[in-house]
Amino acid sequence: MTINVKTMLLLSLLCQATNGFAQNPLNFGSKIKTADPSAHVWPDGKMYLYTSHDEECQVDFWMKNWHTFSSSDLVNWVDHGPSLSVDELSWADNYAWAPDAAYKNGKYYLIFPAGTGHKDRVNPELSTKWMGIGVAVSDSPTGPFKDAIGAPLWTEPYANDPSLFIDDDGQAYLYFHGTNSDYHVARMADDLLSVKGELIKMDMGGYEPKMEGPWVFKRKGLYYFTMPEDNRKLAYYTATSPTGPWLYRGVFMGEEHGNNHHSIVEYQGQWILFYHRWLEKNTQCDTIQRQRHTAAEYLYFNDDGTIQPVKRSEQGLRKTKH
């Protein structure tokens, strides 16, 4: 009996589903394209993902809202729909890019970038694009979220891709990507609605490649500053303080087609990397382009705390118990 390639692939996917694996990209039960996943486990024990939303055939990353998804087993996901839209902002009307989230003081916070203007890629000197970082609050982890301050946390420098890390003592630190301000961090006020003091330029040990989308977490007393190095491959630093000095440790995931934004979180004793992939091309668009989709892999550490290399897989994550 001859089995063709399509049949083999179908059997492989069926086997994965039978064994309780998610498939990459993750199946959110809807056809929207998602990117920039920010993963968090809240007090109810569920996994929550806060993502950006790629519009079909969108113009130059003109994005309009953020979505929230939740799961109790990492395989079956609930799409809670848009949790915030730029239409609800008084200070921005576009660029609903990579968000983050936090839980503090009994409230849920969505930390989001948004902006105005237009980026002229042919004549950069004519660009009017600007972006800032806002804060929205909700009583529910799925929103809806409401813009809490009616303005960005600051207007200069230009900033996006926020990552909000809350340390064990309750102090929150906001890391971000910005014009001439990468590798900076801001200490947040206790209510997470303002910045305390000036932006802090961190000591990165002399190595500061082009980056975006930072993500910071803590494991066994060691802080990890992870980011898409050169906006493509995932790399990391470690430190004994959330503000450094940092030691560069190398790349743990290579690049694929385009940028890669990610988050890293521990769930039921297992560390997980969420990220996005650039997969099939959308032939309905005038300009054929790959579309971004959220995916996930298990993440493993060596005994010395270094991160083991991660390869993209089709099977993704195994189903966990409720």
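At 25% relative accessibility, Lys218 counts as partly exposed (buried is under 20% relative accessible area, exposed over 50%, partly exposed in between, with a 1.4 Å probe and protein chains only). Its salt-bridge partner is Asp167, with the closest N and O atoms 3.3 Å apart (a salt bridge here takes a side-chain nitrogen of Lys or Arg within 4 Å of a carboxyl oxygen of Asp or Glu). Asp167 sits in the loop between β9 (159-166) and β10 (172-178) and Lys218 in strand β13 (residues 215-219), so the pair ties together parts that are 51 residues apart in sequence. Strands are DSSP runs of E, at least two residues long, numbered from the N terminus. Asp167 itself is buried, at a relative accessible area of 9%.

A word on the model: it is a predicted one, where local features need pLDDT of at least 70 and side-chain atom pairs count only at pLDDT 80 or more, while totals for chains, interfaces and linings use all residues. Residues are numbered from 1 along each chain as its sequence is written, and side-chain values use heavy atoms, with hydrogens and water left out.

Back to the salt bridges, of which the structure holds twelve. One of them joins the side chains of Arg121 and Asp60 at 2.8 Å, N to O. This pair links distant parts of the chain, with Arg121 in the loop between β6 and β7 and Asp60 in the loop between β2 and β3 (65-71), 61 residues apart. Arg121 is exposed, with a relative accessible area of 52%, and Asp60 is partly exposed at 27%. Another salt bridge puts Arg277 and Glu256 together, their closest N and O atoms being 2.5 Å apart. Arg277 belongs to strand β18 (residues 270-282) and Glu256 to the loop between β16 (247-253) and β17 (262-267), so the bridge ties together parts that are 21 residues apart in sequence. Both ends are buried: Arg277 has a relative accessible area of 13% and Glu256 one of 15%.

Now for the nonpolar side. In soluble globular proteins, nonpolar side chains tend to be buried together. The largest nonpolar core has 22 residues, and Tyr50, Trp66, Leu89, Leu110, Phe112 and Ala114 touch the most other members (a core being a set of buried Ala, Val, Leu, Ile, Met, Phe, Trp, Tyr and Cys residues joined through side-chain atoms within 4.5 Å). Strands β2 (47-54), β6 (107-116) and β7 (130-138) each supply at least two residues of this core, and the largest share, four residues, comes from β6. A second, separate core of 17 residues includes Trp215, Phe252, Trp271 and Val310.

Aromatic pairs come to 29, counting rings of Phe, Tyr and Trp (its six-membered ring) with centres within 6.5 Å; planes under 30 degrees apart are stacked, over 60 edge-to-face and the rest tilted. The rings of Tyr50 and Phe145 have centres 6.4 Å apart and planes at 75 degrees, so this pair is edge-to-face. Tyr50 and Phe145 are both buried. One aromatic cluster is made up of Tyr175, Tyr183, Tyr207, Phe225, Tyr237, Trp246 and Tyr248.
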